[in-house]
Every structure is written in structure tokens, then in C-alpha cells.
Amino acid sequence: MCGIIGIVGQDLVNQALYDGLTVLQHRGQDAAGIVTSDGRRLYSRRDNGMVKDVFQEQHMRAMIGHMGIGHVRYPTAGSSSSAEAQPFYVNSPYGIALGHNGNLTNAAELRRGLYLQDQRQINTESDSEILLNIFAQELQRENAMHVMPDNIFSAIARVHERCRGAYAVVAMLTRDGLVGFRDPNGIRPLVYGVRDTEHGKEYMLASESVALDVLGFRLIRDIEPGEAIFITADGKVFTRQCAKNPQYRTCIFEYVYFARPDSIIDNVFVHKARMRMGIFMAQRLLEVWPDHDIDVVIPIPDTSRTAAQEMAYTLNVPYREGFMKNRYIGRTFIMPGQQLRRRSVRQKLNALDIEFKGKNVLLVDDSIVRGTTSEEIVQMARDAGAKRVYFASASPPVRYPNIYGIDMPAAKELIAHERTEEEVARAIGVDRLFYLKLEDLIQSIQKGNNRLKHFDCSVFTGEYVTGDESEYFAEAEANRNDAQKRKREQATTAIDIMDSR
């Protein structure tokens, strides 16, 4: 998962891009990058690390220009090498910088085609660089000395025909303006907004509406599935539907886990959707266990708080904060190795004994993915004196890999894969386990926007909206499981050591 942002302003945009990326930091903590343009040339800074660490004062001063794009990344495809920090850049045509959130499922095929057709050499393992070159190749075919909106939209239409998978994109043409587009299924989110200044209007694209809110932009709307937007350097806005059969198939995990609760995605308030998840979860628990003996409901911070509060209210059971969080530790689900995830849990959370001792505790989390975090937290609750520990997941069992940009590629790494709910309960060490039903999860979101008829629920159902999973899985299993990540990290470390000599 990644976060993207783009701004066409009336003055320098470097500080606004920085501030926007800090708001989107939850979407990626591995690397960050910003590229700005003064209309003649680009200025760039990108590296591994958090936003506050990548950009220092000297970097910010050097990035001049009234338009720019930014990106925060955690690695799905590719490695965590700083060479793969985005945005990426190609000089022809027009000088294009691009940032991408998602994952292309036919990246290997596209890579081969780029070399055979145009001898374009891809320098990283990132599918985002492939997407950039596909876009550049299609723009080149327009053969226009000065790019026009029709050229942009025609090129993106052909990108849709060639690229499969998930992609929300911000791109910048050095002299011409800002481009944004979304895959025909709308799997990954993208919104745009406007703010008025004394010098005129400024426009912004972002993964989540909260980035617009913080910077004082007014949300206009989501970019539709398959739609593209072109904002010229002087602030003219053009939009067009560029896909033949667009449909809403938004990733349902955005609402469960990734998005901030104060965001609006596809016209659904994430906070309200999570409230409804908690209500449905409590109703389900009461159906199967009306005479429960739960003494207290405790959320696993932070994403589950909203659902846990509604569960406690519906169950008529006290809600308590039982875990204190160290906010300087990254999200454990996003961390690249199993041992690192396991070790970070106790560094990240500390249990308050007073809320657990002698009580039957219902822990609430947004989901259970690998189970490493859940198992550690359950043991922490027992160590703090809990008499019984129950567990509620505000989403169904995650049993299948995600191929659209979430770092869970290998089925064998998922604790619910080929396990019953009872077996998962035993594996994480709880006395009882409750999952939200898929139909209740869907209804929790649909109540916010009845246009959302379908979702990408592949992690729960194994049904993939692009229908090309079989050819993708073998490569993903081989290249993106934890063991392979460790090998790549070791190889990268070796290269860094040699470079430093």
C-alpha cells in the first residue's frame, strides 16, 4: 500500500506536498519522495525512511516550483532499496514523473513488451516504473509537439487496455501539468479538491480526502474508476472517462484497515463504516452467545477503536483502553519480516494490568492476517492477569493472498488459510473467536453509498476481480514471501557495504 499526492498551486508547493505526505504516512513507511517543477525543469528528493527523515531543510529549499507530486511507500513488489523510492522519472516524452499506488498483475509481460517494442530498459523491480514507461510510450505515440488533453486521455485509454491490476496514479509533465487516473475497477482510491487563494485556485490529488482537509482543500469528488484528470500548469481542469467498461470494485480492505477513519473514500465516511462494522459484529456475537460473560471490551489500537466502541455500546459492556501505544513504532502488519513483526509488537504496545486482571476480556481488532500480532497481544492480555480472553475481528477470515498492492502475497503466511475458525482460535490462544460476516461487512460500507454494488473481496473469498490470478501467483509466491524478502535485504545490504568501501 502506498500514498500519493499531487498539487498545482499558485506559489511554491514543496511545503504543502511535505505536509500532505505526513498525513498519508500511515499508507507507507518504507520510503518517501517528492518531485516539483518550475515549468522548465524538475527537482527531486527521494529516499528510504519516514517523511520527516527523508526531507531536511536543504532538500526542501532546493525543490522549487508551483506544481509537484509526492509518494510514500511500503514495498509489495520489488525490494526496499532506496533506488525504488518513488516518484520515478523518464525524460521522454515531455519529462514525466509518476507515483503509483497498487500493483500490476501482468508486470512481467509488460516489462518484456517494453524492451521488445521500444528497447526501454526497466532499472528496478518495481511495477511502478513499468507503469510509468507504459504511459510514456503511449504518450509518445500521440506524436504531439505540445501535449493537449486529448493526447493525455487517448494515451491513458491505451494504458487501461494494456495494464491489469490495481493502480491509482499521479503523474506530472514538467512543462504541462498534473495527471491523475484510476484503474477501471477503482480498486485503489484517488480524490481531488480545490482551495481558493488570493492569487487564484489551487488543485490537489491525493489517496485520501484527509490530506485535502488538513491542507485546507475542499473535496470535490473521487476520481471514478477508469477516469482520468488533467490539471494544466495554469489551473485548467479536464476530466474524461477513459475505460471501456468501468465498474466500482473498490478494495474492501481500505475501509477495514488502511484508510484513516477521518477519510472519505468513494463517498463513504470510513469512520461511519467502521461504526456499522462494530454494530454488526456485536449483533452477531449476541446471536451465537446471548448469555456471554464478557466483562470489558478493549480495542487493539488504533484502527479498531471505532468498531470496538460500537460493540461495547451494543453489548452494554464497559469499553476500556487497555493497551498503551508507542507511536514511534511502525504498523506491524506492514513490516517486512515475520520476526520483525513479532519483536515490534511488545515494543509497540504495553498492557495496563488494572484493565485485565481477573476479567473476561473481549479484544477487538480490525482483522487477523498473519496472526503474529494477535498471538502476541493475546499473551500480553493473559500476562496482565486476564481470566479469559475472547477475540473479535471486524472483518471475515483473511484466507487468500492479495495481488492488488497489499503485502500478503503468500497464502501459507495467512493464519486463516486452510484453517477453521476454531483452529485459528487455538493458534492465537483465545478462548473464543468471532469474525464479522462478509455480507455484514459489505452492508456496513454500502449504507454510505448505494452505488457501490461490488467490492474486491479477494482476501476473503479468493475471487479476483481482474481474473488473472493464476498466472500471477507462482511468481508472487516465489519472489514476495518473507524468506525471499530476507534474501533481497541481505543482497541489498551486501551491495551497500561494497559501495561504502
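In which helix is E355 found? E355 is found in helix α12, which covers residues 353-356; helices (DSSP runs of H or I with at least four residues) and strands (runs of E with at least two) are numbered from the N terminus. The model is predicted, so local features need pLDDT of at least 70 and side-chain atom pairs count only at pLDDT 80 or more, while totals for chains, interfaces and linings use all residues. Residues are numbered from 1 along each chain as its sequence is written, and side-chain values use heavy atoms, with hydrogens and water left out.

E355 counts as buried because its relative accessibility is 15%; buried means under 20% relative accessible area, exposed over 50%, and partly exposed in between, for a 1.4 Å probe and protein chains only. Contact is defined as heavy atoms within 4.5 Å. Apart from its neighbours within four places in sequence, E355 is in contact with V296, I298, R320, E321, G322 and V361.

The description now turns to a parallel sheet. Four strands form an open sheet in the order β17-β20-β21-β22, with parallel pairing; two strands pair if DSSP finds at least two bridges between them. At the edges are β17 (296-299) and β22 (432-435), each of which pairs on one side only. On average, neighbouring strands of this sheet are turned by 25° against each other, direction ignored. For such angles, axes are lines fitted to C-alpha atoms, for helices over the stretch in contact, and the angles run from 0 to 180 degrees between N-to-C directions. Six bridges connect strand β20 (residues 360-365) with strand β21 (residues 388-393) in the parallel sense, and V361 stands opposite V389 in β21. Helix α10 (residues 305-315) packs on the sheet and touches β17, β20 and β21, its direction making about 170° with that of β17. Helix α13 (residues 372-383) lies across β20 and β21 and runs at about 150° to β21. In the loop between β17 and α10 one finds D302, and the peptide bond from P301 to D302 is cis, with omega near 0°.

Strands of a sheet pair through backbone hydrogen bonds, either parallel or antiparallel. Strand β7 (residues 165-173) is mostly covered, with nine of its nine residues buried. Strand β6 (residues 96-104) runs antiparallel to β7 and is joined to it by nine bridges; the bridge partner of I96 is L173 in β7. With strand β8 (residues 177-182), β7 pairs in the antiparallel sense over six bridges, and V170 stands opposite G180 in β8. A hairpin of three residues joins β7 to β8. A cis peptide bond, with omega near 0°, leads from S92 to P93, and P93 is found in the loop between β5 (88-90) and β6.

Aromatic side chains provide another view of the model. The structure holds 13 aromatic pairs; rings of Phe, Tyr and Trp (its six-membered ring) pair if their centres lie within 6.5 Å, and planes under 30 degrees apart count as stacked, over 60 as edge-to-face and the rest as tilted. Y255 and F455 form an edge-to-face pair, at 6.5 Å centre to centre and 90° between the planes. Y255 lies in helix α8 (residues 253-258) and F455 in strand β23 (residues 454-456), so this pair ties together parts that are 200 residues apart in sequence. Y255 counts as buried at 0% relative accessibility, and F455 is buried with a relative accessible area of 6%. F253, Y257, F258 and F460 form one aromatic cluster.

Charged groups also lie over rings; the criterion is that NZ of Lys or CZ of Arg is within 6 Å of the ring centre and within 35 degrees of the ring normal. K272 lies over the face of F269, at 5.4 Å from the ring centre, and R432 lies over the face of W289, at 4.4 Å from the ring centre.

N267, in the loop between β15 (264-265) and β16 (268-269), has a positive phi of about 65° although it is not a glycine. N267 is exposed, with a relative accessible area of 52%. E418, placed in the loop between β21 and α14 (421-428), has a positive phi of about 60° and is not a glycine either. E418 counts as exposed at 73% relative accessibility.
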